[in-house]
Amino acid sequence: MNFHVVIGFGPAGAATARLLAEKGHTVRVITRSGRSPEPGIEHVALDATDSERLTEAVRGAAALYSCGAPPYHRWASEWPPLASSLRATAEATGAVLVMLGNLYGYGPVDGPMTEELPPAATGTKGRVRAAVWEQARDLHEQGRIKAVEVRASDFFGPGVTDGGHLAARVMPRVLRGKPVSSLGDPDTPHSWSYIPDVAAALAEVAGEERAWGRAWHVPTAPALSTREMVDRLATQAETGPVAVRRLPSAVLGLASLVSPLLRELKEVRYQFDRPFVMDASAYETEFAVRATPVEEQVKATVEWWRERLATAG
């Protein structure tokens, strides 16, 4: 068994750390605030932009997982120093840098997205995320680090809360049988990456040398619209049918005045106004992880949210 370090403990970082621990690996999670230890996982409070301290915390690790991210509205200023520290640490320690990426870097496209598409984002967030990977890939090609990126679409599943489009703004209402709002067209196809599948892909490529040096798409179930996903969730919860309404632009504009998250989402709203479909066939041709069947995803998500809301009172 190996020593692994995970940066961040959001939905992807937590799922990845726990999966690695279940496999018997030694796991250290690094966040700014730290947490109490849990079985198989050590939590360390550390600013990951401090490359000297990060290097000491990572030394001896087989892999370094980049699962953390700055606040959404501060990506432009805070992603570059964080990414620079991760690259420096990977170079100093020899740990494989396993980067969790997304699909923003492609920009608006026609047809399914594959890893062969060039970075063509016009928005700030998309350009930042594309640059983070390109800089790591360049160092990999120079032989200075070992790096791989795993790209996911919008997160879905247990543990996904405020940042998910089918999470905190949707699930409590679905469980009460109340109408929900969609950021864009509720009937356009959209890929949803199930968070346990994201973790499984990250863990798999870390140990596959033939995966390194390029980006891969997380195995993701066939695209379903927001309305179709809500219908399935409501059916599982036995609260349906639940109405799905498009959030009017005027309402979004007003909400954006007080919500930094909604304000930033304007840049990527195209992802919900047109088909946003990812193709993970390249990954599935080479490796073992497969997308969890949608029925299982929906069942686990409804159960997780029921427990969460019951616990919250």
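Reader: Which residues does UniProt assign to the feature "domain: NAD-dependent epimerase/dehydratase"?

Author: The unreviewed UniProt entry places that feature at residues 10-208, and the model discussed here is a predicted one. For the protein chain as a whole, the secondary structure comes to twelve helices and eleven strands.

Reader: How many of the contacts between residues at least 6 apart in sequence join residues at least 24 apart, and what share of the protein chain is buried?

Author: Of the contacts between residues at least 6 apart in sequence, 74% join residues at least 24 apart, and buried residues make up 52% of the 313 residues. The protein chain exposes about 13,700 Å², of which carbon and sulfur atoms supply 50%. As for charge, there are 34 positive and 37 negative side chains, and the centres of these two sets lie 6 Å apart.

Reader: Why is Val5 called buried?

Author: A residue is buried when its relative accessible area is under 20%, and Val5 has a relative accessibility of 0%, so it counts as buried. Val5 is in strand β1, which covers residues 3-7, and, with residues up to four places away in sequence left out, Val5 touches Arg28, Ile30, Ala57, Val58, Ala61, Ala63, Leu64 and Tyr65.

Reader: Why does Gly157 count as buried, and where is Gly157 placed?

Author: Gly157 is in the loop between β7 (154-156) and α5 (171-176). Its relative accessibility is 3%, which is under the limit of 20%, and therefore Gly157 counts as buried. Apart from neighbours within four places in sequence, Gly157 is in contact with Tyr194, Ile195 and Thr301. Gly157 and Leu100, which are 57 residues apart in sequence, have their C-alpha atoms 17 Å apart in space.

Reader: Why is Thr235 called exposed?

Author: Exposed means a relative accessible area over 50%; Thr235, which is found in helix α7, has a relative accessibility of 60% and so counts as exposed. Thr235 and Phe9 are 226 residues apart in sequence, and their C-alpha atoms are 31 Å apart in space.

Reader: What is the phi of Glu238, and why is Glu238 called exposed?

Author: Glu238 has a positive phi of about 60 degrees although it is not a glycine, whereas most residues other than glycine have a negative phi. Glu238 is in the loop between α7 and β11, and its relative accessible area is 74%, which is over 50%, so Glu238 is exposed.

Reader: What makes the peptide bond from Gly240 to Pro241 a cis bond?

Author: The peptide bond from Gly240 to Pro241 has an omega near 0 degrees and is cis, whereas most peptide bonds are trans. Pro241 is in the loop between α7 (226-237) and β11 (244-246).

Key:
Residues are numbered from 1 along each chain as its sequence is written. This is a predicted model: local features need pLDDT of at least 70, side-chain atom pairs count only at pLDDT 80 or more; totals for chains, interfaces and linings use all residues. Side-chain values use heavy atoms; hydrogens and water are left out. UniProt positions are given in the numbering used here, feature names are shortened, and annotations may be inferred rather than shown by experiment. Helices (H or I, at least four residues) and strands (E, at least two) are DSSP runs, numbered from the N terminus. Buried means under 20% relative accessible area, exposed over 50%, partly exposed in between (1.4 Å probe, protein chains only). Contact means heavy atoms within 4.5 Å. Accessible areas come from the Shrake-Rupley method with a 1.4 Å probe; for residues, only the protein chains shown count as cover. Lys and Arg count as positive and Asp and Glu as negative; His and the chain ends are not counted. The place of a charge is taken as NZ of Lys, CZ of Arg, CG of Asp or CD of Glu.
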